Amino acid sequence: MSVESATFAVFAVGALAIGRFAHRPLLGRFGGGTLQHLVRLPGNLLHELAHAVVMLLTGYTISGFTVSLFDASGRGHVVPGPAWTRLARPWITNLLSPIAPAIVGLAALAALHLYSGMPALPTSLAGVLPVLAAVPWATWQLWVALALGFSVAAEMAPSDIDLGVWWRPALGAALLVAAGSFAAEQLRPGTLATLAATTSATLGGLGLPETLRAWSGRSLSLTVASGLAVGPVAWAASRVRAG
């Protein structure tokens, strides 16, 4: 794995982890009523739309769609309907649909970061003040991006239901890949090394690792910034509810 690919993975996992373990608890401070559902609406809508699009692309119709604001369970959900093609296979849908919100969410955060005009996170203590000075504090685009980014980050990680659907086809796919790789190495030793080198060279020639690293860095930057911006508001909302 190249340095760029490893950095992309660290940034992406970091953004997902912060969204799951920091933004979701902050979201809970808005209470369990309409206010919380309005805050989470952009991210929840994007989450459910990602599920729905992948279900459609993998061969199934949609028989039910709702977001948390209108869901009696307070979660939001998508219900697949009958297959629209004979090629549809439930295990493919169950493999791809649960992780779609994470991929779409990271891309949305990167786009919002670009839209906001924010600089990237500082990489050293000495860089904190220059980064803060470069933030376009007076622009409305910044605050819209921070508000939307908080909602998206809080909702992009797979839910417990998503993971419950996903792990079986994911395990099956991993076993198939492992078995195929083992068989290929037995038939022709060095196949995997050659394939890895060819793939790395091809992706590197396209500039994909560098692009993914840059975009995942933007996703992580907006995840952190949106949490810092909305955190005090969430704390104030919890104090108002308590008092």
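Arg40 is buried, with a relative accessible area of 11%, where buried means under 20% relative accessible area, exposed over 50% and partly exposed in between (1.4 Å probe, protein chains only). The structure is a predicted model, in which local features need pLDDT of at least 70 and side-chain atom pairs count only at pLDDT 80 or more, whereas totals for chains, interfaces and linings use all residues. Residues are numbered from 1 along each chain as its sequence is written, and side-chain values use heavy atoms, with hydrogens and water left out.

The side chain of Arg40 meets that of Glu155 in a salt bridge, at 2.8 Å from N to O, the term denoting a side-chain nitrogen of Lys or Arg within 4 Å of a carboxyl oxygen of Asp or Glu. Because Glu155 lies in helix α6 (residues 140–155) and Arg40 in helix α2 (residues 34–57), the pair ties together parts that are 115 residues apart in sequence; helices (H or I, at least four residues) and strands (E, at least two) are DSSP runs, numbered from the N terminus. Glu155 is likewise buried, with a relative accessible area of 7%.

The count of salt bridges comes to 2, and Arg75 takes part in one with Asp160, in which the closest N and O atoms are 2.6 Å apart. Arg75 lies in the loop between β1 (60–67) and β2 (76–83) and Asp160 in helix α7 (residues 160–187), so this pair ties together parts that are 85 residues apart in sequence. Arg75 is partly exposed, with a relative accessible area of 33%, while Asp160 is exposed, at 54%.

On the surface, Phe8, Leu203, Leu206, Leu208 and Leu212 form a nonpolar patch with about 410 Å² of accessible area together. The elements that give two or more residues to this patch are α8 (191–206) and α9 (208–242). Such patches are made of residues with over 30% relative accessible area and no salt bridge, nonpolar side chains (Val, Leu, Ile, Met, Phe, Trp, Tyr) being joined within 5 Å and like charges within 9 Å. Leu203, placed in helix α8, is partly exposed, with a relative accessible area of 33%.

The chain as a whole has 9 helices and 2 strands, and of its 243 residues 34% count as buried. Among contacts (heavy atoms within 4.5 Å) between residues at least 6 apart in sequence, 76% join residues at least 24 apart. Along its principal axes the C-alpha trace spans about 70 × 50 × 25 Å.

Technical notes: Accessible areas come from the Shrake-Rupley method with a 1.4 Å probe; for residues, only the protein chains shown count as cover.
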